[in-house]
Amino acid sequence: MKGKTALVTGSTSGIGLGIAQALAERGAHLVLNGFGDADEIARLRASLAERHGVTVRYEAADLSRPAEIEALFSRLQAAGVGVDVLVNNAGIQHVAPVERFPTERWDAVIALNLSAAFHTTRCALPGMRERGWGRIINIASAHGLVASVEKAAYVAAKHGIIGLTKVVALETARSAITANAICPGWVLTPLVQKQIDARAAQAGISADEARVALLSEKQPSVDFVTPGQIGEMAAFLCSEAAAQVRGAAWTIDGGWTAQ
Ligand code: NAD
């Protein structure tokens, strides 16, 4: 991947960071995005750049706002940076029964987990077509394939992004641009830690007990998937060996969706 540039959304933490690391390890320059402490982000940029000998930019855009996505791509274009690999990873969760689901939270989850991928894709594709190569990787979820209670917006967005992935894969099928989705099961990141903490508080149990209960309910391996494992799957999708993997929704879920 030497000489290629990867924009990984939501890469200041969790899965996005794991993917950014795996791509940088293979020589890709990075455009990081996501929220976080400015000093920590500066340290992260410096350490990735030094360890892998790649250029690491940071773009702070709030991807739930289409205008900020357009501004981000304009800045990259002005700086002569083309996005060869687009990883749509930034995502949020909100848990509530559908009749009590706050409409503002519905809008926020759909805006970031689904609409942002549409906007980044439409902005990135022209450059990929010009350069004749590209990889679009959408981080969906086991919840893109099956549902759980109290996750209406998340499940709708994740099913939606798999649909979007398939359309983009068909529209790029005769080119060297591919679009695929990755569907992880539970990964221990801040997004999931919040759900573990909420479960522990609600049931009056320890965080450890809540973690085992959360895993046992859905994930037959009773073990977390790691950001590094997802990074390796993304790196494979970027390889020439994956040139004909198109419109797939690949699970990496400890057996969650095999049930
Ligand atoms: P995380 O909370 O650790 O990271 C989310 C990232 O998105 C952070 O970098 C955050 O700053 C960024 N972000 C949040 N709002 C943003 C916004 N408006 N604009 C730009 N960036 C924003 O979460 P994670 O668990 O690493 O999740 C990453 C992706 O993986 C999400 O799409 C999530 O749905 C998906 N996923 C996670 C799991 C899991 O078990 N953790 C499982 C399946 C799928």
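This tour visits the ligand site, then a cavity, then a pocket.

The structure is a predicted model, in which local features need pLDDT of at least 70 and side-chain atom pairs count only at pLDDT 80 or more, while totals for chains, interfaces and linings use all residues. Residues are numbered from 1 along each chain as its sequence is written, and side-chain values use heavy atoms, with hydrogens and water left out.

**Stop 1: the ligand**

The ligand is surrounded by 30 residues, and the closest are Ser 13, Asn 89, Tyr 154, Val 187 and Thr 189.

Next, display its polar contacts (pairs of N or O atoms within 3.5 Å). A side-chain N or O atom of Thr 189 lies 2.4 Å from a ligand oxygen atom. For Asn 89, a backbone N or O atom is 2.7 Å from an oxygen atom of the ligand. Gly 10 places a polar backbone atom 3.2 Å from a ligand oxygen. The ligand taken alone exposes 830 Å², of which the protein buries 93% (accessible areas by the Shrake-Rupley method with a 1.4 Å probe).

Now colour the helices (DSSP runs of H or I, at least four residues). Helices α1 (14–25), α5 (152–171) and α6 (190–203) each supply at least two residues of the shell, and α6 gives the most, with three. By class, the shell has 15 nonpolar, 13 polar and two charged residues; here Ala, Val, Leu, Ile, Met, Phe, Trp, Tyr, Cys and Pro count as nonpolar, Asp, Glu, Lys and Arg as charged, and the others, Gly among them, as polar.

Where does the ligand lie relative to domain 1 and domain 2? Domain 1 (5–185 + 225–253) and domain 2 (188–224) both give residues to the shell, so the ligand lies between them. These bounds come from an automatic or database domain assignment.

**Stop 2: the cavity**

A cavity is a set of points on a 1 Å grid over the protein atoms alone where a 1.4 Å probe fits but cannot get out, and lining residues have an atom within 4 Å of a point. The structure holds one cavity of 30 Å³ or more. The largest cavity contains about 80 Å³ of space. Select its lining, which includes Thr 9, Leu 63, Asn 89 and Lys 158. Helix α4 (103–131) gives the most to this lining, with four residues.

**Stop 3: the second largest pocket**

A pocket is an open set of points with protein on both sides within 12 Å along at least five of seven lines. The second largest pocket has a volume of about 280 Å³, the space filled by probe spheres set on the points. Select Phe 73, Gln 77, Val 81, Cys 123 and Gly 127, which lie nearest its centre among 15 lining residues. Helix α4 provides the largest share of this lining, six residues.

Definitions and conventions. Near = heavy atom within 4 Å. Polar contact = N/O pair within 3.5 Å; in protein donor to acceptor, adjacent residues only side chain to side chain.
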